[in-house]
Amino acid sequence: MTATLERPAAPEPPPREVPPTAALSPVVGWVVALAVGLVAGLLRFLRLDLPAGRIFDEVYYSCDAQNLLRFGVEVATRSDPDDASVAALCEPTGEPGFVVHPPLGKWAIALGMRLLGEDELGWRAAAALAGTLTVVVLVRLVRRMTGSTVLGAYAGLLLAMDGLHLVQSRVAMLDVFLVLWVVAAVACAVADRDQVRARLAAGGAPGLRRPWLVGTGLCLGAAVGTKWSGLYFVAAVGLLVLAWEVGARRAAGEATALRTTLVRSVPLMLGLLVVLPVAVYTASWTGWFLSDLGWSRQHGAENPATGLAALVPEGLRSLWHYHQEVYRFHDGLSASHPYASRPLSWLVLARPVSYYYPQGIEQGEYGCAAAACSREVLAVGTPALWWAALPVVLVLAWRWATRRDWRAGAAVLLVATAVLPWVPADLDGRTMFLFYALPVVPFLCLALALGVGLVAGDGSSRRRRTLAVAVGGGHLALVVANLAWLYPVLAAVTIPLGDWQARMWFSSWI
């Protein structure tokens with residue numbers, strides 16, 4: 001196992017870092033990434049049509065996707081508080097629908113339905129594909145960051161085996177699309193970092209041609225176009241890109257690295273990491289702009305503006321008003337829910353969410369061979385992954401503080417970005433759920449891979465390499481066994497009631 005977390009000191013002049021993947025075989029890297037992706041895909045696509053019907057929030061998102069295909073915009077569907085099956089029919093009322101999330105993720109769900117049909121397989125296929133692609137991108141990201149194909153495969157396999165990511169990849173909800181775009185944005189930003197350092201090492205400058213930074217902006221815009229929580233990562237990735245360029249200039253011997261970056265590169269960064277994401281986000285609302293059925297679509301025309309506001313097109317003013325209404329909805333979302341949880345409890349998996357649990361399964365139902373059975377889809381992470389990652393994140397935070405390790409700093413910042421911004425909303429009493437923490441999972445996997453890389457060192461010590469293989473391989477085997485144990489309650493497999501109870505490790509999981 002080879003890792004480049006420890007780099008030998010370079011002779012004077014100041015070191016000019018070569019991108020860590022420069023000497024690695026691209027063919028081997030892609031073969032490994034695709035092989036890991038195949039494992040992830042099999043777990044996500046097999047039995048994807050089970051359970052039957054719309055479960056949990058699929059009632060909302062798959063219906064919105066279906067109406068996007070019909071009308072180009074989300075519309076209201078008929079509902080009956082006494083009959084949940086009525087809403088599951090997605091029967092449109094012909095009235096505008098007040099939806100509280102951007103449309104891009106629902107368009108992805110709609111594409112799956114267009115290709116595969118308006119059934120369980122159709123509305124879940126896009127999520128399964130997004131989850132699989134995220135695993136592949138993570139392998140490539142970790143490989144680039146560490147210079148180790150083995151560590152990349154290790155991180156990807158961990159993500160493939162996480163229970164929460166598996167469940168979210170098998171339901172028609174938005175979170176798995178958010179995670180794909182966030183991980184892709186980070187991967188593009190790291191590639192841009194390598195490109196900047198290579199140009200500086202060659203005696204040049206970062207320049208204006210930064211295609212990977214364009215990709216970062218596009219992915220960040222898509223993340224926000226899926227869920228507003230993508231905004232947290234716009235800020236985090238922007239800070240990383242700025243810090244990495246300042247560090248690269250200092251490594252290249254520039255005495256005024258910060259000032260030079262602020263003057264020469266920050267305007268470009270603002271354009272590509274702020275303006276471009278705003279443009280992508282706005283474009284994701286194209287169906288709403290073109291339709292007369294969009295909620296609040298006519299607000300601008302019905303409420304003429306004065307002064308400078310009159311220069312803003314009425315469509316944009318209508319969209320702004322809509323966003324104000326959505327913000328008020330989220331800000332006031334404080335209804336009690338049996339599966340609500342608090343952000344600081346997410347990393348220990350204190351309260352998962354049950355998406356599906358038919359009551360009273362008796363012998364003969366759903367293939368039950370016992371006197372009583374259970375069948376569940378429980379959105380919970382793999383404890384062997386999450387719990388092991390917590391101390392590693394603390395070690396990386398220490399390393400970041402004492403050694404200025406950029407990889408450790410990125411992992412810690414991204415883990416914190418996935419969880420900590422939710423704490424103020426929790427203090428205000430907002431209703432939140434464990435699956436909001438889904439973006440943390442790939443960065444926990446990154447942290448674990450960096451931890452194994454620290455054990456391996458620079459790869460020159462056979463003893464340390466052997467120890468790293470034992471630590472990483474043993475941990476991966478434990479995660480695989482943990483997922484195999486939990487799989488029945490993650491994927492709606494009918495099991496005897498006693499077996500189900502054995503998998504409920506804590507009363508808070510029930």
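**Figure 1. The end of helix α20 in the predicted model.** Directly after α20, Gly457 adopts a positive phi of about 70°. This view, like the others, is taken from a predicted model. Helix α20 comprises residues 440–456. At 1.5 Å a residue, its 17 residues should span 24 Å, and the C-alpha atoms at its ends lie 25 Å apart, which agrees. The helix is mostly covered, since 16 of the 17 residues in α20 are buried.

**Figure 2. Val440 and the largest nonpolar core.** The largest nonpolar core contains 134 residues. Those that touch the most other members are Ile109, Tyr355, Trp386, Leu396, Val440, Phe443 and Leu444. Which residues does Val440 contact when its neighbours within four places in sequence are left aside? Val440 is then in contact with Leu347, Trp386, Val415, Ala418 and Val419.

**Figure 3. The disulfide between Cys63 and Cys90.** The structure holds 2 disulfides, and one of them joins Cys63 to Cys90 with an S to S distance of 1.8 Å. The link between Cys63 and Cys90 is left-handed, with -75° about the S-S bond. Cys63 belongs to helix α2 (residues 58–71), whereas Cys90 sits in the loop between α3 (84–88) and β2 (92–96); the pair therefore ties together parts that are 27 residues apart in sequence. Are these two cysteines, Cys63 and Cys90, buried or exposed? Both Cys63 and Cys90 are buried.

**Figure 4. The disulfide between Cys368 and Cys373.** Cys368 is joined to Cys373 by a disulfide with an S to S distance of 2.0 Å. The torsion about the S-S bond of Cys368 and Cys373 is about 80°, so this disulfide is right-handed. A residue counts as buried when its relative accessible area is under 20%. Cys368 is therefore buried, at 5% relative accessibility, and Cys373 is buried as well, with a relative accessible area of 6%.

Figure 5. With bonded cysteines counted along the chain, the disulfides follow the pattern 1-2, 3-4. Cys188 takes part in no disulfide, and the nearest cysteine sulfur, that of Cys219, is 4.5 Å away. Cys188 counts as buried because its relative accessibility is 11%. Cys445 is likewise in no disulfide; the nearest cysteine sulfur to Cys445 is that of Cys219, 19 Å away. Cys445 is buried, with a relative accessible area of 0%.

**Figure 6. An open sheet of 3 strands.** The strands of this sheet are arranged in the order β4-β5-β7, with antiparallel pairing. Which strands form the edges? The edge strands are β4 (361–362) and β7 (495–496), each of which pairs on one side only. Strand β5 (residues 372–374) runs antiparallel to β4 and is joined to β4 by 2 bridges. Glu362 has Ala372 in β5 as its bridge partner.

**Figure 7. The two sides of helix α11.** In helix α11 (residues 257–264), the buried residues are Ala257, Thr260 and Thr261. These residues cover an arc of only 100° around the axis and therefore lie on the same side of α11. An α-helix has 3.6 residues a turn, so residues three or four places apart point the same way. The buried residues of α11 pack against α10 (230–251) and α12 (266–283). The exposed residues Arg259 and Val263 are carried on the face of α11 turned away from its buried side.

Technical notes
Residues numbered from 1 in each chain as written. Predicted model: local features only at pLDDT ≥ 70, side-chain atom pairs only at ≥ 80, totals over all residues. Heavy atoms only, no water. Core = buried A, V, L, I, M, F, W, Y, C linked by side-chain atoms within 4.5 Å. Buried < 20%, exposed > 50% of the residue type's maximum accessible area, 1.4 Å probe, protein only. Contact = heavy atoms within 4.5 Å. Disulfide = S-S within 2.5 Å. Helix = DSSP H or I, 4+ residues; strand = E, 2+ residues; numbered from the N terminus. Pairing = 2+ DSSP bridges. Expected span 1.5 Å × (residues − 1). Arc of directions from axis to C-beta.
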